[in-house]
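Morning, everyone. Let me put the structure up, and then I'll walk through it.

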Amino acid sequence: NEKNLILNIFKFSAVSIVSAVLSFTVIPIITRVFSPEEYGKINMFFTVGNMMMNVALLGLDGAYIRFFNEPPENTDKKQIFIFPLLVGCLMNIAVTVIVLLINPDYVANFIFGENNIRALIVLSLYVISLIIFRQLNITYRMNQDAKHYNIQNIAQIFINRVLYISVAFFSPTYYSAVL
């Protein structure tokens with residue numbers, strides 16, 4: 001019915017509301033604490049991390065959604081949860097190893113504007129956390145568990161937008177922020 005539909009829409013839109021309010025309040029602080037160059041590197045870190053997560057998952061997160069309620073024969077929800085998780089993490093590790101073996105300085109310089117191999121390793125760890133986040137996020141949505149979905153998303157927004165500001169008071173560099 002209409003009442004339940006509106007209530008469900010509101011439950012799952014709480015993240016958007018919190019994100020907008022947090023962004024509105026912290027963006028002016030972030031732009032004061034970080035130099036434009038450092039803030040650009042932080043945004044590049046998050047952008048590249050999200051792109052790498054999508055590439056590493058190979059679209060298997062969509063397959064997880066597709067088969068969530070009707071798993072293929074001889075499989076269960078746990079197996080279809082773990083498969084994209086493993087493939088995504090292994091793909092990310094493979095790409096990281098290849099980059100570190102072939103030309104890490106070039107890639108780090110391309111992303112961060114400086115040769116920072118440690119930042120590439122932190123980026124790889126960030127991608128693994130995004131892959132785990134994505135799988136859990138899908139699970140909460142598919143189970144219509146608005147409480148855990150909102151908690152998880154709000155925690156990520158809080159970490160990405162608020163916590164790295166506190167680090168900036170000690171060291172206003174992109175590396176400290178993403179670390």
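Ground rules. This is a predicted model: local features need pLDDT of at least 70, side-chain atom pairs count only at pLDDT 80 or more, and totals for chains, interfaces and linings use all residues. Residues are numbered from 1 along each chain as its sequence is written, and side-chain values use heavy atoms, with hydrogens and water left out.

Overall layout. The protein has 8 helices and 0 strands. These are DSSP runs, numbered from the N terminus: H or I of at least four residues for helices, E of at least two for strands. The C-alpha trace spans about 50 × 40 × 20 Å along its principal axes. Of 179 residues, 38% are buried. Buried means under 20% relative accessible area, exposed means over 50%, and partly exposed is in between.

Now contacts, meaning heavy atoms within 4.5 Å. Take those with a sequence separation of 6 or more: residues 24 or more positions apart account for 72% of them.

Next, helix α2, residues 36-57. For the 22 residues of α2 that gives 32 Å, and the end C-alpha atoms are 32 Å apart, so the two agree. Buried residues of α2 include Tyr39, Ile42, Phe45, Phe46 and Met53. Glu38 and Lys41 are also on the buried list.

Is Val55 buried or exposed? Val55 counts as exposed, because its relative accessibility is 56%. Val55 and Met91 are 36 residues apart in sequence, yet 8.5 Å apart in space, C-alpha to C-alpha. Just after α2, Leu58 takes a positive phi of about 55°.

Last stop: Ser124, in helix α6, residues 117-142. Ser124 is buried, because its relative accessible area is 7%. What does Ser124 touch, leaving aside residues up to four places away in sequence? Asn92 and Thr96. With Thr96, the link is a side-chain to side-chain polar contact at 2.8 Å. A polar contact is a pair of N or O atoms within 3.5 Å; within protein, one must be able to donate a hydrogen and the other to accept it, and residues adjacent in sequence count only if both atoms are side-chain atoms.

Note on methods: Buried < 20%, exposed > 50% of the residue type's maximum accessible area, 1.4 Å probe, protein only. Expected span 1.5 Å × (residues − 1).
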